[in-house]
Amino acid sequence: MRLLPFYWLALISLLLHGACHNDAEISYSAEIKPLLNQKCLRCHGGIRALGDFSLLFPEDALAINESGKPAIVPGKPGASEMIARLRNPDPELVMPQEGDLLTEAEISLLEKWIRKGAKFDEHWAYRPLVNPGVPRNDSPEWVNNPIDAFILEKMEQKNLKPNETADLHTLVRRLSFDLTGLPPQLDSLRMGLGETIDRQNLSKIIDLLLASPHYGEHMAALWLDLARYADSNGYEKDMGRSIWRFRDWVINAFNQDMPFDQFTIEQLAGDLLPNPTKEQLIATAFHRNTMTNTEGGTEDEEFRTLSVIDRVNTTLEVWQGTTIACVQCHAHPYDPFRHEDYYHLLAYFNNTQDADIDSEYPYLLEHSDSATAKMQEIAKQIKLLNPNDNLTSDSDLDKEAIRQLIFPRLFGDFADDFQEVLIQNNGRFNNSAYNANNQKHKKYYLVFSGINLDNLTDIRYNYFCRGDDARIDIYLDNLDGKPVCQTQMLEPASKDWDWNSTPVNNLSGTHDIIFHFVNTSGDFRTGVVDLAEIELVYQNQPLAQGVREAQDSLLQLYRQGTKTPLLKTRSELLKRQTHVFERGNYLVKGMEVDPALPKILNPNGLEVKDRLAFAKWLVSEHNSLTPRVIVNRIWAYVFGEGLVSTPEDFGTQGANPTHPELLEYLAYQFSHDWNWSTKRLMKEIVSSYIYQQSSRIDQEKMAIDPHNYLHSRAPRVRLSAEQIRDQALAISGLLNRSIGGESVMPPQPEGVWQVVYSSARWKANHLEDNYRRGLYTYWKRTTPYPSMIAFDSPSREFCVSKRIITNTPLQALVTLNDTVYLEAAEVLGEYMKEESGKDLASGISKGYQRALLDRPDTETMDILIKLYHQAEEAKATLISYQEPDRPARLAPFTVVANAIMNLDAFLTKS
C-alpha cells in the first residue's frame, strides 16, 4: 500500500503529459496544408471549387458555400460539414469522391485543428526573413564557419560525423571547378601564391580563383540557363539573333561582383533608370531572350503576348521560386495566388515596345572600331561637301554627329531615332496582318521623337503598296483630334517600289511625329503598305552634289552594326491596357487591371506601380523570397542539390528545406551583412569544413543518409556538358582562354544543322575559335550543339532552374569519338610520349597526373600499360587502311589518353 501514492503520482503525470500533448498547437502549413494538397485541393482548390468551397484561401475556406453554411466552423468540428462529409458512410456523400479516403488519423488531425480554432499560418517561404542564432558546437575541429555549425547540429541528431578533409589535390580540383568551371592551372596558382600549394594556403587559393576572369564565365553558365539565353530566336524558323553582348554583360557583372540587387534591377528595368548607360540597356536583354515567331501567317500580337507571359513566368521562377504559369488560366492549384494576380503581374511587362517582329526592334546598335573609323571618314567627306552643318571640328564626328549628318532624311530602322514600331519586316514597316480580335483592321504606328518641323515642306515615302486602299495619317504629339495631313498610298504603276510625296503646310516647332498606317478596306490582300524610307524635305536646304551618295554609304555602314535586342517602354500616348484573359485565352479579355503585387507576396500592401519599382521590390527588405531562392540556387550549383531540392518551387508542393535555419542564415547574411555579394557567399560556402570534407562513403552513412541530405560527406557530381568539354581542352593545352565576344561554331557532325529559310549555315570559325569554352558555342534552339545536348544541356526555349542529369551510352560515344575529344587525346598523347622517354610507365603516369592531379594506383597503371600494348599491336594492322592521313589517332599514347579522359574520376567532381 505504500506504493499506491507513487502509482497515482505516475498516473497523474502521464495524464497531464497526454493533456499537454493533446493541447499542443497544430501547424496549418506543416501538418494540415500538405494533407489538403494531397487529398482535397483536387476538387476544392484553385482549378475547381466544387460546391463553391475552396480550401486555397482562408477567407474562402471559412465562407458560406453552396449549401448555405460554412464547411468549417472554427472551434466546432462537430458543426463542420467538412468533418461530417469525411466521416459519412454513404459512398455517394463521403469525401473525397476522387482518390483515396482519409485515414482515421488524418480525420482526427483535421478535427483537432478545427477544435483549436482552424488557424491558418503562412507557408515557411512567405514568412519574413529573420537572422537565426548560430548553434553552439563542441567539435571545433569540424567548424570552419557558421555553415558547419548548422550542418553538424542536424548530423549529430542522427549520430553521424563528417568525413575527414579531402586530399589536397582533390580539394584544389574541386575548388577550381566550383569557382571557375575549369581544372586548376597549378603553375598560375603557385605564381599567384608566391609559394607552394598546401592546406595553409587554401584561403589564398580561394581568393585567387574568385579573382580569375573565368569565375564570371562559370557563374554565367548558371545564369544563362535561367535567362534562356540562345543565339537564335526559336520556333520553326529559328533565325539567328545577335544577343551575345548580354552574355558578356553577365560575365562581367559576376567578375566585378556586382551586388545582386543591382544585378536584378538592371536586367529587369535598366532602361527605366535615370540616364541609363549602354551597359544598363544591354542588361535588359535578359527579357529579350524570349522567342520570336517569324513564320509567315502567324499573328504577331499572339506571340508578343506569349513573350510577355514568358517574362512573368521566368521572373517569378528565377527570383521567387514560384510556379506561376498555371495561374494564367485559373487560380493556383495549391498556392495562394488568384487568377487575376497573374494579370496584375503581367501588367508590369505589358508596355514594352517589342512586338514579335523580324527586326527584333528595339535594339541597341553598336559598331566595331573599324566600322566607326570608316563612318568618320565618310562624315568628313560630307562635312567638306556641305560646310554649313553644325559640326565645328573633326572631334565632333561621334555617333550622334554621324546620325545628324544623315538627317534631314529619316530612316525606318534607325533604332536610336524612333520610339515605337509595332510591326516591322526586314526594315520595312508593314500593315499586312489581320487583327485576331475581329476588329476591322489593326492600328500600327511609327513614332519619331523630337523632330524640328520649322520650314518643313514635304514628307516623302519610299514604299510599295498592293491596291489603293491604304493611307498614312500623320499626328503631332498625340492621337487626339484630326491628323495634320493624310497621304493616300496608291499602287505603283510599275508594280515596284516607288516614291510618294505629301505637302505639309503651317507646321513649326519641335514635335513627336506619329505615322498611323491605315488599311481602309480591312482586306489583308489589298491596301498593304511596305515602307522602306521616310524623308523630310525642308525649304532652302538643298543638298550639295555628292552628299546624298555619301549619306547612302554612311547609312549602309550604320545599318551593319551589332543589334542587341533590349527592353524599351512604350510612349504614354500608346500605352497598352492590360486585361485578365478568361481561362488564359488572350482573345477573350475580361476586366482591366493595373500593375500590382499578389497579396501573399505583399502583406504590407505596398504600392508598386511600374517595372522599375517591381524590380526594386524584388530585392528590397519587403521581399523575403528572393534571397532564399538565390542562396539556394548557388548552394545547389556547388553541392549538386539545394537546401531546397526544388529550386523552381518554394511553394507548398515544393520540398521543405533540409536545413531551414541555415537557409535563413545565409539568405539574411547575403541580403544584409554581405550586401548582396555573390563572391562573399561563394567564399563562405567553399571555406566551410562541410565543403572541404572527403566524398568517401561507408555503409553506415549509406544507410542513414543515402541521398546526402545531411551533408555527411562531400558529393560526387558529374561535370556539366560545358565543363566536360572545357576540361578536355584545358588539360590537353588546346583551350582558348579569351573572354567574351561573338558566339563561335566549332566542328560538329555534317547535316546536324539544316536551315530551310535562309542561307545561314554552321560554319567553323578560325582554328583558335574551335577551342573556346563551351559557353561561347553558338546556341541554336531547334538544333543544339550535339555533344552538349548528350550531356543534358537544355535547348533554352524556356527558363531551366535545374538540369536533369542522365547517364546514357550516347555520352560515352561522344567522349570517345567527338572531334574535340579526339584532338585533345592526340595532344595529351603527344605530351605523354615526350615525357616517357624510355620509361613507358612514367609517361603514362604523368599524363594521368596532368588530367586528374593525382598519381594512378597500381591497378589503374597496369590496365593503362596493357591498353598501350594492345593499341600498339593493333596499329600496324589498322593504319594500312584506316585514316592513313591521321596516324596520330591510332597512336598508342592517343588511345591511352582517350581512355583517361573517359574515366569516371575525370568526368566527375568528387
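A: Arg-245 touches Lys-278, Glu-279, Ile-282, Glu-366 and Thr-564, leaving aside residues up to four places away in sequence; a contact means heavy atoms within 4.5 Å. The model is predicted, so local features need pLDDT of at least 70 and side-chain atom pairs pLDDT 80 or more, while totals for chains, interfaces and linings use all residues. Numbering runs from 1 along each chain as its sequence is written, and side-chain values use heavy atoms, without hydrogens or water.

With Glu-279, the Arg-245 side chain also makes a polar contact, side chain to side chain, at 3.3 Å (N or O atoms within 3.5 Å, one able to donate a hydrogen and the other to accept it; sequence neighbours count only if both atoms are side-chain atoms). Arg-245 counts as buried because its relative accessibility is 15% (buried is under 20%, exposed over 50%, partly exposed in between, with a 1.4 Å probe on protein chains only). Arg-245 sits in helix H11, residues 244-255 (a DSSP run of H or I, at least four residues, numbered from the N terminus).

Phe-246 touches Leu-224, Ala-227, Tyr-229, Gln-267, Ile-282, Ala-283, Ala-285, Phe-286 and Asn-289, again not counting residues up to four places away.

Phe-246 and Trp-223 have the most contacts inside the largest nonpolar core, which has 111 residues (buried Ala, Val, Leu, Ile, Met, Phe, Trp, Tyr and Cys joined through side-chain atoms within 4.5 Å). Helix H20, residues 625-639, gives the largest share of this core, 8 residues. A second, separate core has 40 residues, among them Tyr-778, Val-820, Tyr-821 and Leu-864.

Note on methods
Helices (H or I, at least four residues) and strands (E, at least two) are DSSP runs, numbered from the N terminus.
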